Amino acid sequence: MFAVLHVADFALQAILRRENFPAGNPVALIDTDRRAPVVRAANSAAQLAGVMPGQSAPQAMVRCARLVFCTPRPAAEQDAQVTLLAVAFSLSPLVESTGPGVITAQLS
């Protein structure tokens, strides 16, 4: 039997874990690889204000004027992946880092 630990919106969660944003502050992760920045993920406060993945940065700002934009931070993601691995190793010695924010552990 296997268990899969999956962190939704892993890149955003890794940043939120590292940064000290005030509670309830709307935060969105934007994809800067495109000519026009696009929202990749948004926390619950931003989603409640109407911010959704796929929106352009200006569209998101119209829906939530207090929105804070973040860009991907590979170092934060690596840190969070190591922490997720540590959690998985507390469940089983047989663990695989399946992908960013995804760990598979054998529980038999």
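How many bridges join strand S1 (residues 2-6) to S6? The number is 5, and the two strands run antiparallel. This is a predicted model, in which local features need pLDDT of at least 70, side-chain atom pairs count only at pLDDT 80 or more, and totals for chains, interfaces and linings use all residues. Residues are numbered from 1 along each chain as its sequence is written, and side-chain values use heavy atoms, with hydrogens and water left out.

Strands here are DSSP runs of E with at least two residues, numbered from the N terminus. Two of them count as paired if DSSP finds at least two bridges between them.

Within S6, Thr104 is the bridge partner of Glu96, and Ile103 is the bridge partner of Ser97. S5 and S6 form a hairpin with 2 residues between them. Gly101, in the turn, has a positive phi of about 80°.

Together the 3 strands make an open sheet in the order S1-S6-S5, with antiparallel pairing. S1 and S5 are the edge strands, each pairing on one side only. Neighbouring strands of this sheet are turned by 25° against each other on average, direction ignored; the axes are lines fitted to C-alpha atoms, and angles run from 0 to 180 degrees between N-to-C directions.

Why is S6 largely enclosed by the rest of the structure? Because 4 of the 5 residues of S6 (residues 102-106) are buried, meaning under 20% relative accessible area with a 1.4 Å probe and protein chains only.

Definitions and conventions:
Buried means under 20% relative accessible area, exposed over 50%, partly exposed in between (1.4 Å probe, protein chains only).
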